[in-house]
Amino acid sequence: MKSYLPLIIGMTLVTYLPRLIPLALLNNRNINKSLKEFLLYIPYTSLSILIIRGILTAADGMKIVTVIGVGIAAIISYIKGNLVLSVLAGIILSFLTINTLV
């Protein structure tokens, strides 16, 4: 390939436009309450799908570590309601579990 610039520009447009278009179309418009509730749950659903997929596709020796990390992240998220804190705690506990068990 002679230049990567067209590829980078194309990937930028494909990544950015699906985020920009709905934001531009729905800005300053009244949205139906049920549609608003549906849109509110999409990030949580996407995150849940990624987490469950990560647990199901984890290597055989890593399933327990993955479940422990996700479990502590869920507990801290439920108690504190802080996404960053829960993710960091899940990562740290998974790291500690890997280094002690495996």
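**Entry 1: the pocket lining**

I looked up which helices build the lining of the largest pocket in this predicted model. α2 (33-56), α3 (63-80) and α4 (83-101) each give at least two residues to that lining. I then looked up the volume, and the largest pocket holds about 570 Å³ of space. Its lining has 22 residues, and those closest to the pocket centre are Leu47, Ile51, Ala73, Leu83 and Val87. I sorted the lining of the largest pocket by class and noted twelve nonpolar residues, ten polar and no charged.

**Entry 2: α3 against α4**

Next I asked how the axes of α3 and α4 cross. They come within 8 Å and cross at roughly 150 degrees. Angles over 145 degrees count as roughly antiparallel, so α3 is roughly antiparallel to α4. I noted the crossing of these two helices as right-handed.

I listed the residues that make this contact. From α3 they are Val65, Ile68, Gly69, Ile72, Ala73, Ile76, Ser77 and Lys80. From α4 they are Leu85, Ser86, Ala89, Gly90, Leu93, Ser94, Thr97 and Ile98. By class, the contact of α3 with α4 has nine nonpolar residues, six polar and one charged.

**Entry 3: α2 against α3**

I then turned to α2 and α3. Their axes lie 9 Å apart and the packing angle is about 155 degrees, which means α2 is roughly antiparallel to α3. On the α2 side I found Ile51, Gly54, Ile55 and Leu56, which meet Lys63, Thr66, Val67 and Val70 of α3. I counted the classes in the contact of α2 with α3 as five nonpolar, two polar and one charged.

Note on methods. Residues are numbered from 1 along each chain as its sequence is written. This is a predicted model: local features need pLDDT of at least 70, side-chain atom pairs count only at pLDDT 80 or more; totals for chains, interfaces and linings use all residues. Side-chain values use heavy atoms; hydrogens and water are left out. On a 1 Å grid over the protein atoms alone, a cavity is a set of points where a 1.4 Å probe fits but cannot get out, and a pocket is an open set with protein on both sides within 12 Å along at least five of seven lines; lining residues have an atom within 4 Å of a point. Grid points are joined across faces, edges and corners, and a volume is the space filled by probe spheres set on the points. Helices (H or I, at least four residues) and strands (E, at least two) are DSSP runs, numbered from the N terminus. Ala, Val, Leu, Ile, Met, Phe, Trp, Tyr, Cys and Pro count as nonpolar, Asp, Glu, Lys and Arg as charged, and the others, Gly among them, as polar. Axes are lines fitted to C-alpha atoms, for helices over the stretch in contact, and angles run from 0 to 180 degrees between N-to-C directions. Angles under 35 degrees count as roughly parallel, over 145 as roughly antiparallel, 65 to 115 as roughly perpendicular and the rest as oblique. A crossing is left-handed if the near helix is turned anticlockwise from the far one by less than a right angle, and right-handed if clockwise. Contact means heavy atoms within 4.5 Å.
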